[in-house]
Amino acid sequence: MEKVICTVCPKGCHMKVEIEEKKVEGNSCKRGEIYGLAEVVTPIRVITSTIDIKGGQFKKIPVKTLEAVEKGLNFKIIEEMKKIKVKSPIKCGTVVIENILGTGVDVVVTRDM
Amino acid sequence: MTYDLIVIGGGPAGLASGLSAFEEGVNKVLIIERDVEVGGILNQCIHNGFGLHTFKEELTGPEYAQKYIDMIKETDIEIKLNTMVMKIDDEKNVHILNSEDGYKVIKGRSIILAMGCRERTRGAISIPGSRPAGVLTAGTAQKYVNMLGEKVGNKALILGSGDIGLIMARRLSLEGTEVLGVVELMEHSNGLTRNIVQCLDDYDIPLYLSHTVTNIIGDNRLEKVIISKVDENKKPIEGTEKEFDVDTLLLSVGLIPENDLINDMDIDFDNRTKGVVVNESMETSVEGIFSCGNALHVHDLVDFVSTEAKEAGRSVAKYLGVDKKEVGKKEIILKNGVGLTYTVPQKINVDKVEKIVGVMFRVNKIYENVKIVIESNGKKIKEYNRDHMLPAEMEKIILTKDMLEQCNEEIEIKVTDMEV
Ligand SMILES: Cc1cc2nc3c(=O)[nH]c(=O)nc-3n(C[C@H](O)[C@H](O)[C@H](O)COP(=O)(O)OP(=O)(O)OC[C@H]3O[C@@H](n4cnc5c(N)ncnc54)[C@H](O)[C@@H]3O)c2cc1C
Ligand code: SF4
(Lines give C-alpha, C1' and ligand atoms only; values in the text may rest on other atoms or scores of the structure.)
(Ligands and ions follow the chains in the order given, each with its own letter.)
Protein backbone atom coordinates (compact mmCIF):
# COMPACT_ATOMS: atom_id res chain seq x y z
CA MET A 1 0.00 0.00 0.00
CA GLU A 2 1.22 3.48 -0.84
CA LYS A 3 0.33 6.89 0.49
CA VAL A 4 -0.51 9.52 -2.12
CA ILE A 5 -1.67 13.11 -1.73
CA CYS A 6 -4.09 14.03 -4.47
CA THR A 7 -3.02 17.15 -6.37
CA VAL A 8 -5.94 17.38 -8.77
CA CYS A 9 -7.77 20.05 -6.78
CA PRO A 10 -6.76 22.32 -3.88
CA LYS A 11 -8.41 20.09 -1.27
CA GLY A 12 -5.42 17.76 -1.33
CA CYS A 13 -7.00 14.51 -0.05
CA HIS A 14 -4.63 12.08 1.66
CA MET A 15 -5.18 8.73 -0.01
CA LYS A 16 -4.05 5.14 0.40
CA VAL A 17 -3.57 3.20 -2.81
CA GLU A 18 -3.65 -0.62 -2.98
CA ILE A 19 -2.12 -1.30 -6.34
CA GLU A 20 -2.86 -5.03 -6.79
CA GLU A 21 -6.54 -4.62 -6.08
CA LYS A 22 -6.63 -1.22 -7.78
CA LYS A 23 -8.23 0.18 -4.62
CA VAL A 24 -8.02 3.79 -3.49
CA GLU A 25 -9.10 5.04 -0.08
CA GLY A 26 -9.37 8.55 1.32
CA ASN A 27 -10.25 10.29 -1.93
CA SER A 28 -13.34 12.50 -1.99
CA CYS A 29 -14.11 12.05 -5.65
CA LYS A 30 -13.50 9.93 -8.72
CA ARG A 31 -10.74 12.18 -10.06
CA GLY A 32 -8.69 11.37 -6.98
CA GLU A 33 -9.00 7.64 -7.66
CA ILE A 34 -7.73 8.01 -11.22
CA TYR A 35 -4.87 10.24 -10.11
CA GLY A 36 -3.96 7.95 -7.20
CA LEU A 37 -3.62 4.86 -9.38
CA ALA A 38 -1.62 6.68 -12.06
CA GLU A 39 0.65 8.27 -9.47
CA VAL A 40 1.55 4.86 -8.05
CA VAL A 41 2.00 3.02 -11.36
CA THR A 42 3.86 5.71 -13.34
CA PRO A 43 4.02 9.19 -11.88
CA ILE A 44 4.37 11.73 -14.68
CA ARG A 45 5.29 15.42 -14.81
CA VAL A 46 5.75 18.17 -17.36
CA ILE A 47 9.42 19.19 -17.14
CA THR A 48 10.25 22.87 -17.61
CA SER A 49 13.68 24.50 -17.77
CA THR A 50 15.67 26.98 -19.82
CA ILE A 51 18.19 26.60 -22.66
CA ASP A 52 20.88 28.87 -24.08
CA ILE A 53 19.91 31.34 -26.77
CA LYS A 54 22.24 33.35 -28.99
CA GLY A 55 21.37 36.91 -29.95
CA GLY A 56 18.27 37.03 -27.76
CA GLN A 57 17.15 39.65 -25.31
CA PHE A 58 18.21 37.35 -22.48
CA LYS A 59 20.81 34.58 -22.23
CA LYS A 60 18.18 31.91 -21.64
CA ILE A 61 14.89 30.98 -23.21
CA PRO A 62 12.33 28.81 -21.39
CA VAL A 63 11.37 25.33 -22.67
CA LYS A 64 8.99 22.53 -21.66
CA THR A 65 8.19 18.95 -22.55
CA LEU A 66 5.04 19.14 -24.64
CA GLU A 67 3.46 16.45 -22.51
CA ALA A 68 4.06 14.93 -19.10
CA VAL A 69 6.87 12.37 -19.01
CA GLU A 70 7.91 9.80 -16.41
CA LYS A 71 9.02 11.87 -13.44
CA GLY A 72 12.17 9.84 -12.80
CA LEU A 73 13.57 11.16 -16.08
CA ASN A 74 13.66 14.75 -14.85
CA PHE A 75 17.40 15.12 -14.23
CA LYS A 76 18.31 13.27 -17.44
CA ILE A 77 15.97 15.49 -19.43
CA ILE A 78 17.47 18.64 -17.92
CA GLU A 79 20.93 17.34 -18.97
CA GLU A 80 19.71 16.87 -22.54
CA MET A 81 18.21 20.34 -22.54
CA LYS A 82 21.51 21.83 -21.37
CA LYS A 83 23.27 20.45 -24.44
CA ILE A 84 21.38 22.53 -26.95
CA LYS A 85 21.58 26.13 -28.01
CA VAL A 86 19.16 28.05 -30.23
CA LYS A 87 19.39 31.29 -32.16
CA SER A 88 17.14 34.30 -31.97
CA PRO A 89 14.63 34.93 -33.53
CA ILE A 90 12.58 31.89 -32.55
CA LYS A 91 8.82 31.50 -32.18
CA CYS A 92 6.96 30.19 -29.15
CA GLY A 93 6.12 26.51 -29.73
CA THR A 94 9.13 25.71 -31.97
CA VAL A 95 10.34 22.15 -31.37
CA VAL A 96 13.96 22.15 -30.21
CA ILE A 97 14.34 18.46 -29.27
CA GLU A 98 12.29 15.74 -30.91
CA ASN A 99 11.30 12.62 -29.01
CA ILE A 100 13.46 13.36 -25.99
CA LEU A 101 15.13 10.22 -24.58
CA GLY A 102 12.80 8.07 -26.64
CA THR A 103 9.74 9.13 -24.67
CA GLY A 104 7.86 10.15 -27.81
CA VAL A 105 7.54 13.64 -26.35
CA ASP A 106 8.99 16.79 -27.97
CA VAL A 107 10.57 19.76 -26.22
CA VAL A 108 9.41 23.24 -27.31
CA VAL A 109 10.38 26.80 -26.46
CA THR A 110 7.68 28.62 -24.52
CA ARG A 111 8.03 32.20 -25.74
CA ASP A 112 9.10 34.28 -28.72
CA MET A 113 12.59 35.71 -28.51
CA MET B 1 -0.79 64.13 -26.05
CA THR B 2 -4.09 62.76 -24.78
CA TYR B 3 -5.04 59.09 -24.51
CA ASP B 4 -8.47 57.67 -23.77
CA LEU B 5 -6.81 55.20 -21.45
CA ILE B 6 -3.33 54.98 -19.94
CA VAL B 7 -2.48 51.65 -18.32
CA ILE B 8 0.39 51.72 -15.84
CA GLY B 9 2.20 48.38 -15.83
CA GLY B 10 2.50 45.85 -18.66
CA GLY B 11 2.07 42.65 -16.63
CA PRO B 12 -0.87 40.29 -17.16
CA ALA B 13 -3.20 42.77 -15.43
CA GLY B 14 -2.13 45.69 -17.62
CA LEU B 15 -2.25 43.64 -20.81
CA ALA B 16 -5.66 42.08 -20.15
CA SER B 17 -7.26 45.34 -19.01
CA GLY B 18 -5.89 47.33 -21.94
CA LEU B 19 -7.03 44.65 -24.36
CA SER B 20 -10.51 44.43 -22.94
CA ALA B 21 -10.96 48.22 -22.98
CA PHE B 22 -9.85 48.26 -26.62
CA GLU B 23 -12.22 45.42 -27.50
CA GLU B 24 -15.05 47.35 -25.89
CA GLY B 25 -14.39 50.30 -28.17
CA VAL B 26 -11.86 52.49 -26.35
CA ASN B 27 -9.69 53.84 -29.17
CA LYS B 28 -6.49 55.36 -27.94
CA VAL B 29 -4.93 53.04 -25.39
CA LEU B 30 -1.36 53.29 -24.09
CA ILE B 31 0.35 50.72 -21.87
CA ILE B 32 3.44 51.94 -20.01
CA GLU B 33 6.01 49.42 -18.76
CA ARG B 34 9.26 50.21 -16.97
CA ASP B 35 10.92 46.91 -17.96
CA VAL B 36 12.48 46.00 -21.32
CA GLU B 37 9.43 43.93 -22.27
CA VAL B 38 5.82 43.39 -21.26
CA GLY B 39 4.58 40.23 -19.50
CA GLY B 40 5.50 41.24 -15.96
CA ILE B 41 6.43 38.60 -13.46
CA LEU B 42 5.16 35.82 -15.76
CA ASN B 43 8.30 36.02 -17.89
CA GLN B 44 10.32 34.49 -15.09
CA CYS B 45 7.71 31.90 -14.02
CA ILE B 46 8.80 29.22 -16.50
CA HIS B 47 6.94 26.36 -14.77
CA ASN B 48 3.53 25.18 -15.96
CA GLY B 49 0.16 25.39 -14.27
CA PHE B 50 -1.13 28.70 -15.58
CA GLY B 51 -4.22 29.28 -17.64
CA LEU B 52 -6.46 26.34 -16.64
CA HIS B 53 -9.31 28.79 -15.99
CA THR B 54 -8.70 31.29 -18.79
CA PHE B 55 -7.51 29.11 -21.68
CA LYS B 56 -8.59 25.64 -20.47
CA GLU B 57 -5.08 24.32 -20.95
CA GLU B 58 -2.02 24.17 -18.76
CA LEU B 59 0.51 26.77 -19.84
CA THR B 60 3.83 28.03 -18.52
CA GLY B 61 4.06 31.68 -17.40
CA PRO B 62 5.80 32.93 -20.56
CA GLU B 63 3.26 31.11 -22.78
CA TYR B 64 0.41 32.72 -20.89
CA ALA B 65 1.99 36.15 -21.38
CA GLN B 66 2.70 35.38 -25.04
CA LYS B 67 -1.01 34.75 -25.70
CA TYR B 68 -1.85 38.26 -24.54
CA ILE B 69 1.12 39.80 -26.34
CA ASP B 70 -0.03 38.15 -29.58
CA MET B 71 -3.59 39.40 -29.11
CA ILE B 72 -2.36 42.93 -28.44
CA LYS B 73 -0.22 42.89 -31.60
CA GLU B 74 -3.45 42.60 -33.58
CA THR B 75 -4.74 45.88 -32.15
CA ASP B 76 -3.74 49.56 -32.28
CA ILE B 77 -2.79 49.57 -28.61
CA GLU B 78 0.47 51.47 -28.07
CA ILE B 79 3.13 50.17 -25.71
CA LYS B 80 5.94 52.24 -24.22
CA LEU B 81 8.76 50.11 -22.81
CA ASN B 82 11.67 51.13 -20.57
CA THR B 83 9.44 53.86 -19.24
CA MET B 84 8.85 54.58 -15.59
CA VAL B 85 5.71 56.32 -14.41
CA MET B 86 6.80 58.83 -11.77
CA LYS B 87 3.61 60.55 -10.80
CA ILE B 88 -0.08 61.00 -11.52
CA ASP B 89 -1.44 64.49 -10.82
CA ASP B 90 -4.95 65.79 -10.05
CA GLU B 91 -5.69 66.39 -13.73
CA LYS B 92 -4.97 62.73 -14.62
CA ASN B 93 -1.69 63.77 -16.16
CA VAL B 94 0.77 60.91 -16.14
CA HIS B 95 4.39 61.96 -15.62
CA ILE B 96 6.81 59.58 -17.29
CA LEU B 97 10.56 59.22 -17.55
CA ASN B 98 12.60 57.35 -20.16
CA SER B 99 15.83 57.83 -22.06
CA GLU B 100 14.10 58.69 -25.33
CA ASP B 101 11.60 61.33 -24.21
CA GLY B 102 13.25 62.37 -20.96
CA TYR B 103 10.64 63.67 -18.53
CA LYS B 104 7.28 64.01 -20.22
CA VAL B 105 3.67 64.58 -19.22
CA ILE B 106 0.83 62.80 -21.01
CA LYS B 107 -2.86 63.09 -20.34
CA GLY B 108 -5.24 60.21 -19.78
CA ARG B 109 -9.01 60.52 -19.89
CA SER B 110 -8.88 57.39 -17.72
CA ILE B 111 -6.10 55.48 -15.97
CA ILE B 112 -5.66 51.87 -14.84
CA LEU B 113 -3.23 51.18 -12.00
CA ALA B 114 -1.66 47.75 -12.70
CA MET B 115 1.80 47.99 -11.14
CA GLY B 116 1.80 44.48 -9.69
CA CYS B 117 3.46 43.61 -6.40
CA ARG B 118 6.91 43.24 -4.93
CA GLU B 119 8.38 40.74 -2.52
CA ARG B 120 8.91 41.39 1.15
CA THR B 121 12.61 41.58 1.88
CA ARG B 122 14.72 40.76 4.89
CA GLY B 123 14.07 44.21 6.35
CA ALA B 124 10.34 43.60 6.36
CA ILE B 125 10.64 40.57 8.66
CA SER B 126 13.79 41.56 10.59
CA ILE B 127 15.90 38.39 10.72
CA PRO B 128 18.80 38.65 13.20
CA GLY B 129 22.43 38.04 12.32
CA SER B 130 25.03 39.43 9.94
CA ARG B 131 24.36 40.70 6.43
CA PRO B 132 26.48 38.60 4.07
CA ALA B 133 25.90 38.13 0.32
CA GLY B 134 23.79 35.10 -0.56
CA VAL B 135 20.57 36.17 1.12
CA LEU B 136 18.01 37.11 -1.53
CA THR B 137 14.31 36.93 -2.28
CA ALA B 138 12.98 33.89 -4.11
CA GLY B 139 11.69 36.05 -6.95
CA THR B 140 15.06 37.67 -7.49
CA ALA B 141 16.66 34.23 -7.57
CA GLN B 142 13.99 33.15 -10.06
CA LYS B 143 14.97 35.97 -12.37
CA TYR B 144 18.71 35.24 -12.05
CA VAL B 145 18.29 31.55 -12.79
CA ASN B 146 15.52 31.60 -15.40
CA MET B 147 16.33 34.67 -17.42
CA LEU B 148 19.96 35.48 -16.86
CA GLY B 149 21.13 31.89 -16.53
CA GLU B 150 23.12 32.42 -13.36
CA LYS B 151 23.58 29.88 -10.59
CA VAL B 152 22.72 31.38 -7.21
CA GLY B 153 24.80 29.06 -5.02
CA ASN B 154 25.78 25.51 -4.18
CA LYS B 155 23.70 24.81 -1.10
CA ALA B 156 20.52 26.62 -0.21
CA LEU B 157 17.83 26.91 2.42
CA ILE B 158 14.48 28.54 1.75
CA LEU B 159 12.50 30.54 4.28
CA GLY B 160 8.78 30.58 3.59
CA SER B 161 6.68 27.83 2.03
CA GLY B 162 4.48 29.91 -0.23
CA ASP B 163 4.27 28.84 -3.85
CA ILE B 164 7.21 30.92 -5.05
CA GLY B 165 9.47 29.35 -2.39
CA LEU B 166 8.33 25.85 -3.31
CA ILE B 167 8.72 26.41 -7.04
CA MET B 168 12.25 27.69 -6.46
CA ALA B 169 13.13 24.67 -4.30
CA ARG B 170 12.50 22.45 -7.33
CA ARG B 171 14.10 24.82 -9.79
CA LEU B 172 17.34 25.10 -7.79
CA SER B 173 17.46 21.30 -7.35
CA LEU B 174 17.18 20.80 -11.10
CA GLU B 175 19.90 23.38 -11.72
CA GLY B 176 22.33 21.64 -9.40
CA THR B 177 21.96 23.69 -6.23
CA GLU B 178 21.33 21.37 -3.29
CA VAL B 179 18.26 22.49 -1.32
CA LEU B 180 18.56 21.42 2.31
CA GLY B 181 15.09 22.42 3.39
CA VAL B 182 12.17 24.80 3.37
CA VAL B 183 11.45 26.54 6.67
CA GLU B 184 7.93 27.69 7.54
CA LEU B 185 6.83 29.72 10.57
CA MET B 186 3.21 28.48 10.52
CA GLU B 187 2.11 24.94 11.31
CA HIS B 188 0.87 24.52 7.75
CA SER B 189 2.31 25.45 4.37
CA ASN B 190 0.92 28.40 2.47
CA GLY B 191 1.56 26.71 -0.84
CA LEU B 192 -0.68 24.59 -3.04
CA THR B 193 -0.67 20.87 -2.26
CA ARG B 194 0.32 20.28 -5.83
CA ASN B 195 3.50 22.28 -5.26
CA ILE B 196 4.31 20.50 -1.98
CA VAL B 197 4.12 17.17 -3.80
CA GLN B 198 5.79 18.14 -7.06
CA CYS B 199 8.43 20.52 -5.72
CA LEU B 200 9.37 19.12 -2.30
CA ASP B 201 8.33 15.45 -2.10
CA ASP B 202 9.57 14.67 -5.62
CA TYR B 203 13.02 15.98 -4.65
CA ASP B 204 13.10 14.70 -1.04
CA ILE B 205 13.35 18.22 0.33
CA PRO B 206 12.28 18.41 3.99
CA LEU B 207 9.69 20.98 5.11
CA TYR B 208 10.32 22.36 8.61
CA LEU B 209 6.93 23.56 9.85
CA SER B 210 6.70 25.82 12.94
CA HIS B 211 10.34 26.82 12.48
CA THR B 212 12.06 30.08 11.71
CA VAL B 213 15.51 31.44 10.95
CA THR B 214 17.14 32.68 14.17
CA ASN B 215 20.64 33.48 13.00
CA ILE B 216 22.53 34.23 9.83
CA ILE B 217 26.29 33.72 9.91
CA GLY B 218 28.95 34.74 7.39
CA ASP B 219 31.36 37.59 6.69
CA ASN B 220 31.26 38.28 2.99
CA ARG B 221 29.31 35.27 1.78
CA LEU B 222 26.68 33.41 3.78
CA GLU B 223 28.15 30.40 5.60
CA LYS B 224 25.57 29.14 8.04
CA VAL B 225 21.91 29.55 8.86
CA ILE B 226 20.46 28.57 12.24
CA ILE B 227 16.79 27.70 12.50
CA SER B 228 14.71 27.06 15.64
CA LYS B 229 11.32 25.62 16.40
CA VAL B 230 8.72 28.18 17.49
CA ASP B 231 6.02 27.94 20.18
CA GLU B 232 2.32 28.80 19.79
CA ASN B 233 3.19 32.50 20.01
CA LYS B 234 5.72 32.10 17.21
CA LYS B 235 8.60 32.69 19.67
CA PRO B 236 11.74 30.58 19.02
CA ILE B 237 12.20 27.80 21.59
CA GLU B 238 15.69 27.66 23.08
CA GLY B 239 17.53 24.38 22.63
CA THR B 240 15.77 23.47 19.37
CA GLU B 241 18.41 25.04 17.08
CA LYS B 242 19.43 23.28 13.87
CA GLU B 243 22.45 24.35 11.87
CA PHE B 244 22.71 24.36 8.07
CA ASP B 245 25.92 24.92 6.11
CA VAL B 246 24.54 26.86 3.19
CA ASP B 247 25.80 29.67 0.98
CA THR B 248 22.35 30.77 -0.10
CA LEU B 249 19.15 31.69 1.74
CA LEU B 250 16.05 32.44 -0.30
CA LEU B 251 13.28 34.49 1.28
CA SER B 252 9.74 33.78 0.20
CA VAL B 253 7.93 35.64 2.92
CA GLY B 254 5.10 37.38 1.15
CA LEU B 255 4.15 39.89 -1.46
CA ILE B 256 3.00 43.50 -1.09
CA PRO B 257 1.15 45.49 -3.75
CA GLU B 258 3.42 48.02 -5.40
CA ASN B 259 1.72 51.37 -4.82
CA ASP B 260 4.48 53.93 -4.21
CA LEU B 261 3.13 55.81 -7.16
CA ILE B 262 -0.06 56.83 -5.39
CA ASN B 263 1.52 57.86 -2.07
CA ASP B 264 0.98 61.54 -2.75
CA MET B 265 -2.43 61.15 -4.30
CA ASP B 266 -5.71 61.84 -2.59
CA ILE B 267 -7.16 58.35 -3.16
CA ASP B 268 -8.80 55.93 -0.70
CA PHE B 269 -6.41 53.19 0.42
CA ASP B 270 -7.20 49.88 2.17
CA ASN B 271 -4.72 48.87 4.85
CA ARG B 272 -5.93 45.25 4.78
CA THR B 273 -5.07 44.70 1.12
CA LYS B 274 -2.37 47.43 0.84
CA GLY B 275 -4.08 48.44 -2.37
CA VAL B 276 -6.63 51.11 -3.27
CA VAL B 277 -10.33 50.84 -2.40
CA VAL B 278 -12.45 49.97 -5.43
CA ASN B 279 -16.13 49.50 -6.23
CA GLU B 280 -17.87 46.89 -8.41
CA SER B 281 -16.35 48.50 -11.52
CA MET B 282 -12.79 48.31 -10.15
CA GLU B 283 -12.96 52.10 -9.99
CA THR B 284 -11.10 53.89 -7.19
CA SER B 285 -12.35 56.84 -5.14
CA VAL B 286 -11.00 59.09 -7.92
CA GLU B 287 -13.40 59.11 -10.87
CA GLY B 288 -11.80 57.65 -13.98
CA ILE B 289 -8.94 55.89 -12.17
CA PHE B 290 -9.23 52.11 -11.93
CA SER B 291 -7.04 49.35 -10.49
CA CYS B 292 -6.59 45.60 -10.98
CA GLY B 293 -4.15 42.73 -10.55
CA ASN B 294 -1.57 42.45 -7.82
CA ALA B 295 -1.42 46.21 -7.32
CA LEU B 296 -5.01 45.98 -6.06
CA HIS B 297 -4.60 42.85 -3.93
CA VAL B 298 -2.22 39.92 -4.10
CA HIS B 299 -3.49 37.07 -6.28
CA ASP B 300 -2.05 33.57 -6.30
CA LEU B 301 -3.38 32.69 -9.73
CA VAL B 302 -2.81 34.75 -12.82
CA ASP B 303 -6.14 33.51 -14.20
CA PHE B 304 -7.97 35.51 -11.56
CA VAL B 305 -5.81 38.52 -12.39
CA SER B 306 -6.93 38.30 -16.02
CA THR B 307 -10.62 38.03 -15.11
CA GLU B 308 -10.43 41.01 -12.81
CA ALA B 309 -8.43 43.01 -15.36
CA LYS B 310 -10.97 42.30 -18.08
CA GLU B 311 -13.64 43.71 -15.81
CA ALA B 312 -11.57 46.85 -15.21
CA GLY B 313 -11.15 47.32 -18.97
CA ARG B 314 -14.88 46.98 -19.57
CA SER B 315 -15.57 49.50 -16.82
CA VAL B 316 -13.25 52.00 -18.48
CA ALA B 317 -15.20 51.61 -21.72
CA LYS B 318 -18.43 52.22 -19.85
CA TYR B 319 -16.96 55.20 -18.04
CA LEU B 320 -15.80 56.79 -21.28
CA GLY B 321 -18.97 55.78 -23.10
CA VAL B 322 -21.13 58.42 -24.65
CA ASP B 323 -24.38 57.40 -23.02
CA LYS B 324 -23.16 58.14 -19.52
CA LYS B 325 -26.67 58.04 -18.16
CA GLU B 326 -27.10 59.35 -14.68
CA VAL B 327 -26.78 56.49 -12.20
CA GLY B 328 -28.13 56.54 -8.68
CA LYS B 329 -25.85 56.60 -5.71
CA LYS B 330 -27.04 53.62 -3.70
CA GLU B 331 -23.73 52.45 -2.40
CA ILE B 332 -23.25 49.29 -0.35
CA ILE B 333 -20.17 48.87 1.82
CA LEU B 334 -18.82 45.30 2.07
CA LYS B 335 -17.70 44.35 5.57
CA ASN B 336 -15.53 41.40 6.36
CA GLY B 337 -17.18 39.49 9.19
CA VAL B 338 -15.78 36.58 11.24
CA GLY B 339 -13.21 34.56 9.35
CA LEU B 340 -12.50 36.99 6.52
CA THR B 341 -9.44 39.21 6.22
CA TYR B 342 -10.65 41.45 3.37
CA THR B 343 -12.98 41.77 0.40
CA VAL B 344 -12.43 43.24 -3.07
CA PRO B 345 -14.37 45.22 -4.13
CA GLN B 346 -14.84 47.09 -0.89
CA LYS B 347 -18.03 48.86 -2.05
CA ILE B 348 -20.73 48.37 -4.66
CA ASN B 349 -22.82 50.94 -6.47
CA VAL B 350 -25.94 48.83 -7.07
CA ASP B 351 -27.23 50.88 -9.99
CA LYS B 352 -24.07 50.23 -11.95
CA VAL B 353 -24.41 46.46 -11.61
CA GLU B 354 -25.83 44.87 -14.74
CA LYS B 355 -26.51 41.36 -13.50
CA ILE B 356 -23.80 40.15 -11.15
CA VAL B 357 -20.69 41.20 -9.22
CA GLY B 358 -17.90 38.83 -8.24
CA VAL B 359 -16.54 39.40 -4.74
CA MET B 360 -13.07 38.12 -3.88
CA PHE B 361 -11.84 37.56 -0.36
CA ARG B 362 -9.46 35.58 1.82
CA VAL B 363 -10.05 33.69 5.06
CA ASN B 364 -7.88 33.97 8.18
CA LYS B 365 -7.23 30.24 8.78
CA ILE B 366 -7.97 26.76 7.44
CA TYR B 367 -11.68 25.91 7.48
CA GLU B 368 -13.34 22.54 6.81
CA ASN B 369 -17.05 22.07 6.15
CA VAL B 370 -18.29 25.56 6.81
CA LYS B 371 -20.73 28.01 5.33
CA ILE B 372 -20.09 31.42 3.86
CA VAL B 373 -22.98 33.59 4.93
CA ILE B 374 -23.97 36.87 3.34
CA GLU B 375 -26.00 39.14 5.61
CA SER B 376 -27.41 42.61 5.42
CA ASN B 377 -29.17 44.39 8.24
CA GLY B 378 -29.12 41.15 10.27
CA LYS B 379 -30.97 39.33 7.50
CA LYS B 380 -29.44 36.36 5.73
CA ILE B 381 -29.32 37.02 1.98
CA LYS B 382 -27.56 33.88 0.85
CA GLU B 383 -25.22 31.14 2.01
CA TYR B 384 -22.74 28.87 0.27
CA ASN B 385 -21.23 25.62 1.53
CA ARG B 386 -17.49 25.15 1.42
CA ASP B 387 -15.78 21.93 2.41
CA HIS B 388 -12.31 23.42 2.33
CA MET B 389 -10.88 26.94 2.52
CA LEU B 390 -7.39 28.16 3.33
CA PRO B 391 -5.74 31.59 3.63
CA ALA B 392 -3.39 30.91 0.74
CA GLU B 393 -6.24 30.57 -1.72
CA MET B 394 -8.39 33.44 -2.80
CA GLU B 395 -12.13 32.72 -2.61
CA LYS B 396 -14.76 34.14 -4.89
CA ILE B 397 -18.54 34.42 -4.61
CA ILE B 398 -21.08 35.93 -6.94
CA LEU B 399 -23.67 38.48 -5.80
CA THR B 400 -26.63 38.96 -8.14
CA LYS B 401 -28.44 42.23 -8.69
CA ASP B 402 -31.53 40.65 -7.05
CA MET B 403 -29.54 39.89 -3.93
CA LEU B 404 -28.06 43.38 -3.81
CA GLU B 405 -31.47 44.96 -4.07
CA GLN B 406 -32.50 43.21 -0.86
CA CYS B 407 -29.60 44.82 1.03
CA ASN B 408 -29.35 48.11 2.86
CA GLU B 409 -26.14 50.12 2.90
CA GLU B 410 -23.98 47.38 4.36
CA ILE B 411 -23.27 43.72 3.57
CA GLU B 412 -21.38 41.44 5.90
CA ILE B 413 -19.70 38.29 4.62
CA LYS B 414 -18.66 35.76 7.25
CA VAL B 415 -17.75 32.13 7.86
CA THR B 416 -19.95 30.03 10.17
CA ASP B 417 -20.12 26.38 11.22
CA MET B 418 -22.34 23.98 9.31
CA GLU B 419 -24.65 23.26 12.24
CA VAL B 420 -25.55 26.87 12.99
C1 LIG C 1 8.16 36.17 -7.82
C2 LIG C 1 6.71 35.90 -8.16
C3 LIG C 1 6.35 34.63 -8.65
C4 LIG C 1 5.00 34.34 -8.96
N5 LIG C 1 4.69 33.09 -9.40
C6 LIG C 1 3.40 32.82 -9.78
C7 LIG C 1 3.05 31.54 -10.30
O8 LIG C 1 3.91 30.66 -10.36
N9 LIG C 1 1.77 31.32 -10.71
C10 LIG C 1 0.80 32.30 -10.65
O11 LIG C 1 -0.34 32.07 -11.09
N12 LIG C 1 1.12 33.51 -10.12
C13 LIG C 1 2.37 33.78 -9.69
N14 LIG C 1 2.67 34.99 -9.13
C15 LIG C 1 1.57 35.92 -8.96
C16 LIG C 1 1.65 36.85 -10.13
O17 LIG C 1 2.07 38.06 -9.58
C18 LIG C 1 0.35 37.03 -10.87
O19 LIG C 1 -0.02 35.79 -11.43
C20 LIG C 1 0.49 38.06 -12.00
O21 LIG C 1 1.75 38.06 -12.61
C22 LIG C 1 0.18 39.44 -11.49
O23 LIG C 1 0.00 40.30 -12.60
P24 LIG C 1 0.14 41.85 -12.49
O25 LIG C 1 0.03 42.35 -13.88
O26 LIG C 1 -0.80 42.36 -11.47
O27 LIG C 1 1.61 42.11 -11.90
P28 LIG C 1 3.06 41.93 -12.53
O29 LIG C 1 3.18 40.70 -13.31
O30 LIG C 1 3.99 42.12 -11.39
O31 LIG C 1 3.20 43.19 -13.52
C32 LIG C 1 3.30 44.52 -13.11
C33 LIG C 1 4.11 45.30 -14.12
O34 LIG C 1 4.06 46.68 -13.83
C35 LIG C 1 5.32 47.27 -14.05
N36 LIG C 1 5.41 48.50 -13.25
C37 LIG C 1 5.32 48.62 -11.89
N38 LIG C 1 5.44 49.91 -11.51
C39 LIG C 1 5.60 50.63 -12.64
C40 LIG C 1 5.79 52.04 -12.88
N41 LIG C 1 5.80 52.93 -11.90
N42 LIG C 1 5.94 52.44 -14.17
C43 LIG C 1 5.92 51.53 -15.19
N44 LIG C 1 5.73 50.21 -15.01
C45 LIG C 1 5.59 49.76 -13.76
C46 LIG C 1 6.29 46.18 -13.63
O47 LIG C 1 7.54 46.34 -14.22
C48 LIG C 1 5.58 44.91 -14.10
O49 LIG C 1 5.96 44.51 -15.40
C50 LIG C 1 4.01 35.32 -8.79
C51 LIG C 1 4.36 36.58 -8.28
C52 LIG C 1 5.69 36.88 -7.97
C53 LIG C 1 6.05 38.25 -7.42
S1 SF4 D 1 -9.75 13.32 -4.42
FE2 SF4 D 1 -11.12 14.73 -5.46
S3 SF4 D 1 -11.62 16.19 -3.84
FE4 SF4 D 1 -9.81 15.10 -3.10
S5 SF4 D 1 -8.07 16.38 -3.78
FE6 SF4 D 1 -8.43 14.84 -5.37
S7 SF4 D 1 -9.75 15.87 -6.85
FE8 SF4 D 1 -9.85 17.07 -4.94
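The model is predicted, so local features need pLDDT of at least 70 and side-chain atom pairs pLDDT 80 or more, while totals for chains, interfaces and linings use all residues. Residues are numbered from 1 along each chain as its sequence is written, and chains are lettered from A and ligands numbered from 1 in the order in which they are written.

**View 1. An open sheet in chain B.** Five strands (E, DSSP runs of at least two residues; two strands pair if DSSP finds at least two bridges between them) lie in the order E24-E22-E29-E26-E27, with mixed pairing. Strands E24 (347–349) and E27 (379–389) of chain B stand at the edges with a single partner strand each, so one side of each has no neighbour in the sheet.

**View 2. Strands E26 and E29 of chain B.** E26 (residues 367–376) and E29 (residues 410–417) run antiparallel and are joined by six bridges. B:Lys371 is placed opposite B:Thr416 of E29(B).

**View 3. Helix H2 of chain B.** This helix (H or I, a DSSP run of at least four residues) covers residues 61–73 and spans 19 Å from its first C-alpha to its last, where 18 Å is expected at 1.5 Å a residue, taken as 1.5 Å times one less than its number of residues.
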